[in-house]
Amino acid sequence: MSGSAARTTTADVVCLGESMVTFLPSQPGRLADVPSFGRGIGGAESNVACALAADGHRARWISRVGADGFGDHLVDTIDGYGVDTSAVRRDPDRPTGIYFRTATDRATDTHEVAYYRAGSAASAMSPDNVPMEDVLSTRVLHLSGITAALSADCLALLNTLTAPREGRPVVSFDVNHRPGLWRGSEEGPEVLLALARRCDLVFVGDDEAEEAWGLHGAEAIRAALPEPEVLVVKRGADGVTVFSRTAGDGGDTVTTVPSLRVDVVAAVGAGDAFAAGFLSATLRDLPVRDRARHGHLMAAAVLTVAGDLTGPAPRAHADRLAALDDTAWGTLRLGPGWTAAEGAYEEVPVR
């Protein structure tokens with residue numbers, strides 16, 4: 001992918017965005033009925049940073065948190081994954097965001113999320129208070145549409161970071177359309193489309209493209225987003241379609257990679273994990289097919305545990321699976337524990 005080889009970098013990937021303390025239910029049911037919650041963390045960009053650091057990359061997370069215990073917990077937890085948190089700023093006047101969610105899949109009607117993030121420290125991020133030198137000294141800058149929805153200052157920051165400039169790092173953007181964050185504004189879809197068109201690598205689900213922009217199918221999405229060098233259209237159980245610009249004639253190479261069959265424990269965090277796996281393989285300059293396969297494998301690691309985060313499979317193990325022929329890949333089925341150990345390939349059910 002394009003980018004300035006002469007740029008001095010102190011990170012492989014910088015992930016910028018809000019992370020919150022999340023309270024996970026002790027049992028299924030309505031929020032009104034759940035008797036207790038366990039504490040975790042949740043944030044699209046920090047999830048990506050943690051997965052990349054756990055996979056051996058130099059990852060930095062940049063955000064703002066409150067000068068409170070929840071901010072301490074976020075920074076300590078993310079730092080514990082090996083992520084560089086030195087550029088995180090503390091806000092003495094605004095709190096760290098928190099949220100509660102039910103145990104059900106986000107896509108179901110019974111899923112509930114209660115956010116307490118209005119006026120959070122992260123929502124005050126702006127071009128004036130984010131350490132730009134730390135943001136830009138990287139090979140890849142990863143952003144998401146969630147940040148754009150938090151405040152006018154956050155949107156101004158994303159507009160600044162995605163603006164064309166000499167020596168800009170490769171800008172990765174996960175559309176992450178969250179209609180609930182855009183309540184009171186009808187501009188969300190238009191804003192997200194404009195941001196995506198200014199980025200180099202874009203991740204978008206076909207379902208969110210339909211909801212936000214009324215687009216149907218990968219080809220229609222590419223037609224609306226012709227600028228990114230790489231466009232990854234996630235199609236759920238049908239896999240992903242990757243459009244990658246061909247050198248010379250400016251056309252596309254189109255690569256379709258089927259999803260894995262996974263025994264799902266909890267359907268949360270898969271999108272962030274997929275982005276991390278794809279970015280990890282991109283940083284290693286692997287072929288497009290293998291980038292998508294590593295995305296699927298990283299997503300499978302998260303889908304087979306209860307939380308939003310988990311350690312990925314050892315790299316050599318993931319590489320072996322990504323290198324399978326099409327028939328073996330198509331019959332692979334992954335369940336809980338598949339990432340456990342080097343050499344665990346024999347324990348993966350294949351049928």
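**Cores, strands and cysteines**

Modeller: Phe203, Val232, Leu260, Phe278, Leu297 and Trp338 touch the most other members of the largest nonpolar core, which has 57 residues. Helix H10 (residues 288–303) gives this core its largest share, eight residues. Another core, of 40 residues, lies apart from it, with Ala11, Leu136, Ala148 and Ala209 among them.

Colleague: What makes a set of residues a nonpolar core?

Modeller: The members have to be buried Ala, Val, Leu, Ile, Met, Phe, Trp, Tyr or Cys, joined through side-chain atoms within 4.5 Å. Bear in mind that this is a predicted model, where local features need pLDDT of at least 70 and side-chain atom pairs count only at pLDDT 80 or more, while totals for chains, interfaces and linings use all residues. Residues are numbered from 1 along each chain as its sequence is written, and side-chain values use heavy atoms, with hydrogens and water left out.

Colleague: Fine. Why is Ser137 called buried?

Modeller: Buried means under 20% relative accessible area, exposed means over 50%, and partly exposed is in between (1.4 Å probe, protein chains only). Ser137 comes out at 11%, so it's buried. You'll find Ser137 in the loop between helix H3 (132–136) and strand S9 (138–144); helices (H or I, at least four residues) and strands (E, at least two) are DSSP runs numbered from the N terminus.

Colleague: How far is the side chain of Ser137 from the backbone oxygen of Glu133?

Modeller: A polar atom of the Ser137 side chain sits 3.0 Å from that Glu133 oxygen.

Colleague: And Ser280: why does that count as buried?

Modeller: Its relative accessibility is 2%, so Ser280 is buried. Ser280 belongs to helix H9 (residues 270–283). Leaving out residues up to four places away in sequence, Ser280 touches Leu52, Asp55, His57 and Arg315, where contact means heavy atoms within 4.5 Å.

Colleague: Why do you call S9 largely enclosed?

Modeller: Because six of its seven residues are buried.

Colleague: How do you know that S9 pairs with S1?

Modeller: Two strands pair if DSSP finds at least two bridges between them. S9 and strand S1 (residues 11–16) have four, in the parallel sense, and Val13 stands opposite Val140 in S9. S9 and S10 have five bridges, also parallel, with Val170 in S10 as the bridge partner of Val140.

Colleague: Are Cys15 and Cys154 buried or exposed?

Modeller: Cys15 has a relative accessible area of 0%, so it's buried. Cys154 is buried too, at 0% relative accessibility.

Conventions. Polar contact = N/O pair within 3.5 Å; in protein donor to acceptor, adjacent residues only side chain to side chain.
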